[in-house]
Amino acid sequence: MSIPARWRYLWLFFILLVCALVFRFAYVDRLNELRRPYEIRQGALIDQAALLINTRLSLVETQIRLFRHELELLKPAQAELEPAMISMFRLYGDTLQVRWIDSQGAEQVRLNKTADNEVAAVAPNALQNKRNRYYVEAGLALADDEVFISQIDLNVEQGKVERPFLPTVRAVIKARLPSMGDGLLVINFDLRSLLNEVSSLSEADIQLLVAAGRQRWIVHPDKDQQWRTDLNQTAANIATDLPELLLSVRKSGFAQGVEIDSQLFSAMSISSPYQSESSLQD
């Protein structure tokens, strides 16, 4: 007795389905086997980068508190404030600029690190009023022992982005000296050494990207994609370039093995402890 044709077709279909499922499972297992070493290396690279970033940024608040504490111990006269600040300026690596700003937002003392790593004081007639700058407004609104840490961005002088680029984070704290009265201590920290060290972690086939918030790339294998918000160029950031990855990270703070356009991504979000407007980004 022969098997009806329709049963033969069903039986053949069943065999093909089983074969397809077996092939699929074998393919997925093999793909995961190939991906796993990359995911492990990506995770290790991210951990190294996060350690470098966390270590450096956690020092920012500590350094400005120590700077203020030492100034308040010295109690310099007004004429002695500049040399006192210069001596301490030299103690803190990656310090780009130190300012004493009065309660009206006017700079009273400003020290800059020069291209040859010397410290130069700005002449009194070149000092500016910074009352409309966001970090001064934030500083004036602080409680006595609070610290404001700004966003990471490019340093701006006279309304223009300084060149060569100076990636900067600013720390602001209220201070008081008998000779100066109430004011703000503002320190700009140069992040070039940090970002160069983070960038150097990239490997031939694993590239590191670092987004400061949703607005800018601060480390990217294509340098033209960095700092575009600061340069008033067409936006390039994690939200525009990798929205799927951003969504994955926002859900749990971490993502691993996310495939986008035939590339494999892993990601971690480092949460900022400062949540006020214009403060340090995640």
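This is a predicted model: local features need pLDDT of at least 70, side-chain atom pairs count only at pLDDT 80 or more; totals for chains, interfaces and linings use all residues.

User: What makes up the chain in terms of helices and strands?

Analyst: The protein chain has six helices and 13 strands. Of its 282 residues, 41% are buried.

User: Why is Ile187 called buried?

Analyst: Buried means under 20% relative accessible area. Ile187 has 2% relative accessibility, so Ile187 counts as buried. You'll find Ile187 in strand E9, residues 181–190. Leaving aside neighbours within four places in sequence, Ile187 is in contact with several residues, including Ile64, Phe67 and Val169.

User: How do you know that the length of helix H2 makes sense?

Analyst: H2 covers residues 78–89, which is twelve residues. At 1.5 Å a residue, H2 should span 16 Å, and the C-alpha atoms at its ends are 17 Å apart, so the two agree. Among the buried residues of H2 are Leu81, Ile86 and Phe89.

User: What about Arg228: why is there no salt bridge?

Analyst: A salt bridge needs a side-chain nitrogen of Lys or Arg within 4 Å of a carboxyl oxygen of Asp or Glu. For Arg228, the nearest side chain of opposite charge is Asp224, 6.4 Å away. Arg228 is in the loop between strand E11 and helix H5.

User: How many aromatic pairs are there in the whole structure?

Analyst: A search finds two.

User: Why is the Tyr134 and Tyr135 pair called edge-to-face?

Analyst: Ring centres have to lie within 6.5 Å to pair, and planes over 60 degrees apart count as edge-to-face. Here the centres are 5.6 Å apart and the planes are at 85 degrees, so the pair is edge-to-face.

User: Which residue forms an aromatic pair with Tyr134 at 75 degrees between the planes?

Analyst: That's Phe148, with 6.5 Å centre to centre, and this pair is edge-to-face too. Tyr134 lies in helix H3 and Phe148 in strand E4, so the pair ties together parts 14 residues apart in sequence. Phe148 has 4% relative accessibility, so Phe148 counts as buried. Ring pairs link Tyr134, Tyr135 and Phe148 into a cluster.

Terms used. Residues are numbered from 1 along each chain as its sequence is written. Side-chain values use heavy atoms; hydrogens and water are left out. Helices (H or I, at least four residues) and strands (E, at least two) are DSSP runs, numbered from the N terminus. Buried means under 20% relative accessible area, exposed over 50%, partly exposed in between (1.4 Å probe, protein chains only). Contact means heavy atoms within 4.5 Å. Lys and Arg count as positive and Asp and Glu as negative; His and the chain ends are not counted. The expected span of a helix is 1.5 Å times one less than its number of residues. Rings of Phe, Tyr and Trp (its six-membered ring) pair if their centres lie within 6.5 Å; planes under 30 degrees apart count as stacked, over 60 as edge-to-face and the rest as tilted.
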